[in-house]
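The sequence and structure come first.

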Amino acid sequence: LFEGRDAAGKGSNVYSFAEFLNPKSFRIETFGVPTEEEKKDWFKRYKKVLPEEGEMVFFDRSYYNRAVIEPAMGYCTKEQYKEFMEEVGSFEEKLIDKDMILIKLWLDVTKTKQKLRFELRKRDPLRYWKFSKNDSKMLDKWDKLTPYIKTMLEDTDTVKSPWVIIDSDDKLKGIISSMKSVLRTIPYEGKDINVLGGNSDNIVFLDLHGV
């Protein structure tokens, strides 16, 4: 799962991961505005696209929208938010108990860097479409999102399903850190821990920007 504020580099991370993978072995899932029916049964549309055995699925944003964007923007009720926060732990635990490897990456970006990336998007004739009406709203919602982010990272970080927090102000370094974190977590032959930077499974920056 790739999560983070807008312009944190989620899409760049996903496509960097996928660039040299066998197309038959992975999927990239993105999610539009949920229908009224999907809002009532929040996990349903995510259950539909979970990986099959031997498959890797990249979520460019995920069910955690209900923990940050939806409540901050008023897209869900307080009851729906509370219900999600109470249920997400057991939902993830069931996935892990089915031998699914779940990796949650939070890409951290500063307000200054976010604003710069938004401006670059607006001026770029090839990427202008990446700046949406919702993005312009996000600039003014920075402080409103912050407490929801803090609560999500604290309350949904578990031993079985920890958050890996990546400093993504430098996009290339952020991508490399994300890749190292994933390779540390997934078992494979010939793993060289020295190359991956130790045994840490959870990179936490205590001075997380905005939190």
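Lys10 sits in helix 1 (residues 10–18). Helices (H or I, at least four residues) and strands (E, at least two) are DSSP runs, numbered from the N terminus. This is a predicted model: local features need pLDDT of at least 70, side-chain atom pairs count only at pLDDT 80 or more, and totals for chains, interfaces and linings use all residues. Residues are numbered from 1 along each chain as its sequence is written, and side-chain values use heavy atoms, with hydrogens and water left out.

Lys10 is buried yet makes no salt bridge. Buried means under 20% relative accessible area, exposed over 50%, and partly exposed in between (1.4 Å probe, protein chains only). A salt bridge is a side-chain nitrogen of Lys or Arg within 4 Å of a carboxyl oxygen of Asp or Glu. The nearest side chain of opposite charge to Lys10 is Asp6, 4.6 Å away. For charge, Lys and Arg count as positive and Asp and Glu as negative; His and the chain ends are not counted. A polar atom of the Lys10 side chain does lie 3.0 Å from the backbone oxygen of Arg5. Leaving aside neighbours within four places in sequence, Lys10 is in contact (heavy atoms within 4.5 Å) with Phe2, Glu3, Gly4, Arg5, Asp60, Arg61 and Leu107. Glu3 and Arg61 also join Asp6 in a network of salt bridges.

Arg117 belongs to helix 6 (residues 111–123). Arg117 is buried and has no salt bridge; Asp169, the nearest side chain of opposite charge, is 5.3 Å away. The Arg117 side chain reaches the backbone oxygen of Ser168 at 2.9 Å. Beyond its neighbours within four places in sequence, the contacts of Arg117 are Ala7, Ala8, Gly9, Val109, Ser168, Asp169, Asp170 and Lys171.

## Salt bridges

The whole structure holds 12 salt bridges. One of them pairs Glu92 with Lys104 at 3.0 Å, N to O. This pair links distant parts of the chain: Glu92 is in helix 5 (residues 78–97) and Lys104 in strand 4 (residues 104–108), 12 residues apart. Glu92 is buried at 3% relative accessible area. Lys104 is buried too, at 0%.

Asp97 and Lys160 form a salt bridge at 3.2 Å, N to O. Asp97 is in helix 5, while Lys160 lies in the loop between helix 8 (142–155) and strand 5 (163–167), 63 residues apart. Lys160 is partly exposed, with 47% relative accessibility. Glu29 and Arg27 are also bridged, with their closest N and O atoms 2.7 Å apart. Glu29 is buried at 15%, whereas Arg27 is partly exposed at 22%.

At 1.5 Å a residue, the 14 residues of helix 8 should span 20 Å, and its end C-alpha atoms are 20 Å apart, which agrees. The expected span is 1.5 Å times one less than the number of residues.

Which residues of helix 8 are buried? They are Trp142, Leu145, Thr146, Ile149, Met152 and Leu153. Seen down the axis of helix 8, these buried residues fall within an arc of 140°, so they line one face of the helix. The arc is that of the directions from the helix axis to the C-beta atoms. Asp143 and Asp155 are exposed, on the face turned away from the buried side of helix 8.

Conventions. Polar contact = N/O pair within 3.5 Å; in protein donor to acceptor, adjacent residues only side chain to side chain.
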